[in-house]
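The sequence and model are shown first.

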Amino acid sequence: VMLLITVFSGFLLGYVNDITKDPISAAVVKEKDESYQKMFPTADDFQEEILASDVQKEIKDILKVNNFSGGSVEGLVTVKENNGIKGYIITASSSNAYSGDITISLGLDNEGTIIGLDYITISETVGLGMNATEDSFKGQFVGKEVDYIKYVKGTTSNNDEISAITSATVTTNAVVEAVNSG
C-alpha cells in the first residue's frame, strides 16, 4: 500500500510540474521584460546575447579573484533604440543572500554608468531584507560609474559607496555582490 501511495504521489508531482512549468517560465520572462522596460522606457529592442562558454569561464574567474564567491553573471542584453545601441542590461545574481539567491537586472548606459537596478528574484525577510526593493535603496546605485561598489553602515562619503540596509547587512552584501558581478 505504501509503495502504491509513493508511486501515485510521484506521478502526481510530475503531472503538476508539467502543468506549471510553462506558466512559471512565462511569468519570469514577463518579469524580465517589465524590468528592462522600466530601465530603458524609450528602447524599442532588447537583444539577448549568448555568452560563449569561454567568456562565462573568464567572468567566473574574475569574480573568484575579486572574492565574489557567490556572484555570477547569467545574461547580457543589448538595448537598442532607433537601430543604435542605447546601453546594456546585465543579469547577475548572488547566492549569499539571507533567504536564497538574489537575481538582479542591472542597466548600464554606453559609458558604463548604472542607470537602473531591478530584481528578478528576491525572497528576503519582510521588513528587513525586502527593504532592498525600496527605491530609496535601489536608487543609491543609479549614477554610479565605478568598477567596485562597497557598502557602509551609516552615511556614505565616497561615490563608490552605498548605505547598508539597517539590520540587513547580509542582504545588502548580496545585492552589492550581484551588482559588482555585473
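A residue counts as buried when its relative accessible area is under 20%, as exposed when that area is over 50%, and as partly exposed in between. The model is a predicted one.

**Helix α4**

By that cut-off, the buried residues of α4 are T171, T172, A174, V175, V176, E177, A178, V179, N180 and S181. That makes 10 of the 13 residues of α4, and the helix is mostly covered. Does the length of α4 agree or disagree with its residue count? Helix α4 runs over residues 169–181, and at 1.5 Å a residue its 13 residues should span 18 Å. The C-alpha atoms at its ends are 18 Å apart, so the two values agree.

**P41**

P41 sits in the loop that joins α1 (2–39) to β1 (45–49). Is P41 buried or exposed? Its relative accessible area is 59%; because the cut-off for exposed is over 50%, P41 is classed as exposed. P41 and E81 lie 40 residues apart in sequence, and their C-alpha atoms are 10.0 Å apart in space.

**Aromatic pairs**

A pair of aromatic rings is described by the distance of the centres and the angle of the planes.

| Pair | Centre to centre | Angle between planes | Class |
|---|---|---|---|
| Y36 and F46 | 5.6 Å | 40° | tilted |
| F137 and F141 | 5.6 Å | 80° | edge-to-face |

The pair of Y36 and F46 links distant parts of the chain: Y36 belongs to helix α1 and F46 to strand β1, 10 residues apart. Y36 is buried, with a relative accessible area of 2%, whereas F46 is partly exposed at 22%. Why is the pair of F137 and F141 called edge-to-face? Its planes stand at 80°, and an angle over 60 degrees counts as edge-to-face, so the pair falls in that class. Both F137 and F141 are buried.

**The largest pocket**

The largest pocket has a volume of about 220 Å³. Which residues line it? The lining is made of L106, L108, G112, I114, K144, E145, V146, D147, I149, V179, N180 and G182. These residues divide into 6 nonpolar, 3 polar and 3 charged. Strand β4 (102–109) and helix α4 each supply at least two residues of the lining. V179 and N180 belong to this lining, and both are among the buried residues of α4.

Notes
Residues numbered from 1 in each chain as written. Predicted model: local features only at pLDDT ≥ 70, side-chain atom pairs only at ≥ 80, totals over all residues. Heavy atoms only, no water. Helix = DSSP H or I, 4+ residues; strand = E, 2+ residues; numbered from the N terminus. Expected span 1.5 Å × (residues − 1). Buried < 20%, exposed > 50% of the residue type's maximum accessible area, 1.4 Å probe, protein only. Phe/Tyr/Trp six-rings, centres within 6.5 Å; stacked < 30°, edge-to-face > 60°. 1 Å grid on protein atoms, 1.4 Å probe; cavity = no way out; pocket = protein on both sides within 12 Å on 5 of 7 lines; lining within 4 Å. Points joined across faces, edges and corners; volume = space filled by probe spheres on them. Nonpolar A, V, L, I, M, F, W, Y, C, P; charged D, E, K, R; others polar.
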